[in-house]
Structures are given as structure tokens and as C-alpha cells.
Amino acid sequence: MIRVLIVDDQAMVRQGFGALLAAQPDLLVVGDAADGAQAVTAARHLDPDVVLMDVRMPVMDGLEATRKLLGDRSAQRPKVLILTTFDLDDYVYEALRAGASGFLLKDAPAADLVQAVRVVAAGDALLAPTVTRRLIAEFAARPDRRRPRPTDLAGLTPRETEVLRLIARGRNNAEIAGDLVVAEQTVKTHVGRILAKLGLRDRAQAVVLAYETGLVAAGE
């Protein structure tokens, strides 16, 4: 069972998402929260696998809550799936940099939300890759002196660099295996080594890093 915590300042949204997810045989809604501060407290007590995190909330917004949840190394850190009504929002960029595993618009079809939770829980691939890549590409084009340097990728082998480039283009493991004509398990091994070498939590952070270092350029 995938344990889910729903965070949104609108009660009707929490109830609607809760009913939808609770109807799935492999999903368990363990609780909800009306703001980021409640979410941090609830997550530490309820131990969710995935947190559905709204962006704009009172008391503490979803960005700060994501930072606190994923920065707490003393606790089991959940995957965070950002939910927002804005498809181009500075908070979304920053949440991805803070370690959020995915991004979904609130008006997405119900089936997309259910699948997004499963995908994020599995850590296998970015959800909504075209939207997420567009967001990251636009963010990466902005000047930022803190941006990682291309030399930060120097520890990767040529094949690992190639796999990272394909990850950043939204390809899942099966598609990468087909592109490189290798077994899918081989791709999984490469992905694991890439994340370990670069100190990244998941593929979402790998995509951000690929754009920020210039390994992949916006529009490619």
C-alpha cells in the first residue's frame, strides 16, 4: 500500500482528492493538512510515502514545507508531489530544486493524479515530463550564480552522462533502454549510479541538475 498525505488549504479539495485516492486498492490516505506547518507535523507522525503538496497556503507555504520535510535527515523522508493551479509559478521551480519529485496541475484528469502518486512513490520516472521539462528549462535559463557548474558532472562516465541527458528529456527507463539498445536493468543500474555520484534523491533532481549545468539546453 502507498501511504498518502493530502495537503491543501481548501477542505473541498482535500475531501475530493481523498475520496478519489481512497477508492484505489493500492493507495491509503493516512491523513490531511490545511497548511504547510500542519503537513510537516503530520508527516512526522503518519509516515506517508507520498505527500500531495499544495503550493499557496497560509501559515507555511508548500515550498517551505517541502524544504523542511526533505531537509530533515533524522526522519524518513516522503516523496513530495506538488499540486498547483499555476503552470508557471516560481514556487514550483523552487520546490523542484528543494527536492520535490513531481509536479501536477490541479485540473489534470483524475486518472493522471492517481497515476502520478504511483509514479512518484516508485521513483521510476518524472510525471508529466513535457510540463516539468518546460518549467525546468525556463527556470534554468534564468541567471543564478549558485547554479552548478558543468564540471560537477565530471565524475560520470560517458554512458552515464548519456543516460542523464535522456532522463532530462523525459525518457523513462524502458525508453532509454530502447534508445541505447541495452537491457532495462542496465539502465536502472546506470540511474542508480548517477544519483549516488551526484548526491541526488531522485530523477526530478537529476533533471534540474542537467538543465542547470547546461548538459541539456532549453528547447532540445
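Predicted model: local features only at pLDDT ≥ 70, side-chain atom pairs only at ≥ 80, totals over all residues.
Trainee: Where are valine 59 and valine 181 found?

Mentor: Valine 59 is in the loop between β3 (50-54) and α3 (62-71), while valine 181 is in the loop between α8 (173-180) and α9 (184-198).

Trainee: Are these valines buried or exposed?

Mentor: A residue counts as exposed when its relative accessible area is over 50%. Valine 59 has a relative accessibility of 73%, so it counts as exposed, and valine 181 is exposed with a relative accessible area of 73%.

Trainee: Going back to α10, how many of its residues are buried?

Mentor: Helix α10 is mostly covered, with 10 of its 10 residues buried. Among them are Ala204, Gln205, Val208, Leu209 and Glu212, and the list of buried residues in α10 also includes Arg203 and Tyr211.

Trainee: Which residues of α7 and α10 meet, and at what angle do the two helices pack?

Mentor: Helix α7 (residues 158-168) and helix α10 (residues 203-212) pack at an angle of about 100 degrees, their axes being 9 Å apart. An angle of 65 to 115 degrees counts as roughly perpendicular, and α7 and α10 are therefore roughly perpendicular to each other. On the α7 side the contact involves Leu164, Ile167 and Ala168, which meet Arg203, Ala206, Val207, Ala210 and Tyr211 of α10. By residue class, this contact of α7 with α10 divides into seven nonpolar, no polar and one charged.

Trainee: What is the packing angle of α1 and α5, and which residues make the contact?

Mentor: Helix α1 (residues 11-22) and helix α5 (residues 110-122) pack at about 70 degrees, with 10 Å between their axes, and these two helices are therefore roughly perpendicular to each other. Their crossing is right-handed. The contact is formed by Phe17, Leu20 and Leu21 from α1 together with Ala110, Leu113, Val114 and Val117 from α5. Sorting the residues of this contact of α1 with α5 gives seven nonpolar, no polar and no charged.

Trainee: How should I read a residue in a strand, and is leucine 5, for example, buried or exposed?

Mentor: Leucine 5 is in strand β1 (residues 2-7) and is buried, with a relative accessible area of 0%. Leaving aside neighbours within four places in sequence, the contacts of leucine 5 include Val30, Gly31, Asp32, Ala39, Ala42, Leu46, Val50 and Leu52. As for distance, leucine 5 and valine 30 are 25 residues apart along the chain, and their C-alpha atoms are separated by 5.8 Å.

Trainee: Which residues does alanine 37 touch, and what is its relative accessibility?

Mentor: Alanine 37 lies in helix α2 (residues 36-46) and counts as partly exposed, at 27% relative accessibility.

Mentor: Glycine 155 is found in the loop between α6 (129-140) and α7, and is exposed, with a relative accessible area of 54%. Its contacts, not counting residues up to four places away in sequence, are with Glu160 and Lys197. Glycine 155 and lysine 197 are 42 residues apart in sequence and 7.1 Å apart in space, C-alpha to C-alpha.

Trainee: How many helices and strands does the protein chain have, and what share of its residues is buried?

Mentor: The protein chain has 10 helices and five strands, and buried residues make up 48% of its 220 residues. Of the contacts between residues at least 6 apart in sequence, 68% join residues at least 24 apart.

Note on methods: Residues numbered from 1 in each chain as written. Heavy atoms only, no water. Axes fitted to C-alpha atoms, helices over the stretch in contact; angles between N-to-C directions. Helix = DSSP H or I, 4+ residues; strand = E, 2+ residues; numbered from the N terminus. Parallel < 35°, antiparallel > 145°, perpendicular 65-115°, else oblique. Left-handed = near helix turned anticlockwise from the far one by under 90°. Contact = heavy atoms within 4.5 Å. Nonpolar A, V, L, I, M, F, W, Y, C, P; charged D, E, K, R; others polar. Buried < 20%, exposed > 50% of the residue type's maximum accessible area, 1.4 Å probe, protein only.
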